[in-house]
Amino acid sequence: MSHDDQSLAAAQLRGLTLSHPEWIRKSRIREGLRARWQGLFQDVDVVLYPPMPSLAFPHDHSPRLGRKLDIDGAQIPYNDQSVWAGPAILTGLPSTTMPIGRSEGGLPIGVQITGGFLEDRTTIKFAELIEREFGGFTPPPL
C-alpha cells in the first residue's frame, strides 16, 4: 500500500495494524477530540447531521466488498457510506439515527442525532420528539 493512499480502505487497514505504542498515541488524540465535543455540549444538547453522505438507494444483493455506488458520476466503494458514523464512533459518543422523511423514490431520509458522552437518553429522547413532528417509521413501498 502506498504511503500516499488516503482511501478509507487504506485508513482501515492502517488502523488494524497499529502497534500498541501508536494505538496509545492515537487514543490520546481521540480523547482530545472527545473533550472538544464535550465543550460543544456545554452549549447545545445534540448535534444533527446526515447518517450517510448520500440518500438511501435500492439494496444491492451482490457481494458486499464488490459493491459500488454512483455518487455524482463517481464510483465509490459501498462501505465508504459508513464514514458519517465516524465522529460518534471515534469519540465514543451516543448517536441515534432515525427517519425524518422520504425521497422522491420513496426511500427513507434520515438524521443522525449525536449527544454528549454518556447522554444516550438525550439522543433517544430527541428522536422521540422528532418522531412526534415527522411521524414514526413506516416500511418503504415494495
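## The sheet

Three strands form an open sheet in the order S1-S5-S4, with antiparallel pairing; strands here are DSSP runs of E with at least two residues, helices are runs of H or I with at least four, and both are numbered from the N terminus. Strand S1 (46-49) and strand S4 (95-102) stand at the edges, and each has a single partner strand, so one side of each is left without a neighbour in the sheet. On average, neighbouring strands of this sheet are turned by 30 degrees against each other, direction ignored. Such angles run from 0 to 180 degrees between N-to-C directions, with axes fitted as lines to C-alpha atoms, for helices over the stretch in contact.

The model is predicted: local features need pLDDT of at least 70, side-chain atom pairs count only at pLDDT 80 or more, and totals for chains, interfaces and linings use all residues. Residues are numbered from 1 along each chain as its sequence is written, and side-chain values use heavy atoms, with hydrogens and water left out.

## Pairing of the strands

Strands of a sheet pair through backbone hydrogen bonds, either parallel or antiparallel. Two strands count as paired if DSSP finds at least two bridges between them. S1 and S5 pair in the antiparallel sense over 4 bridges, and Tyr49 has Gln112 in S5 as its bridge partner. S4 and S5 are also antiparallel, over 7 bridges. In the hairpin of S4 and S5, 5 residues lie between the strands, and Gly106 takes a positive phi near 90 degrees.

Helix H4 (residues 120-134) lies across S1, S4 and S5, and runs at about 10 degrees to S4.

## Thr114 in strand S5

Thr114 belongs to strand S5 (residues 108-115). With a relative accessible area of 1%, Thr114 is buried; buried means under 20%, exposed over 50% and partly exposed in between, using a 1.4 Å probe and protein chains only.

Thr114 is the bridge partner of Ser95, and a polar contact of 3.0 Å joins the side chains of these two residues. A polar contact is a pair of N or O atoms within 3.5 Å; within protein, one must be able to donate a hydrogen and the other to accept it, and residues adjacent in sequence count only if both atoms are side-chain atoms. Beyond four places in sequence, Thr114 is in contact (heavy atoms within 4.5 Å) with residues including Phe41, Val47, Tyr49, Leu93 and Thr123.

## Gly101 in strand S4

Gly101 is found in strand S4 and is partly exposed, at 30% relative accessibility. Not counting residues up to four places away in sequence, Gly101 touches Leu107, Pro108 and Ile109.
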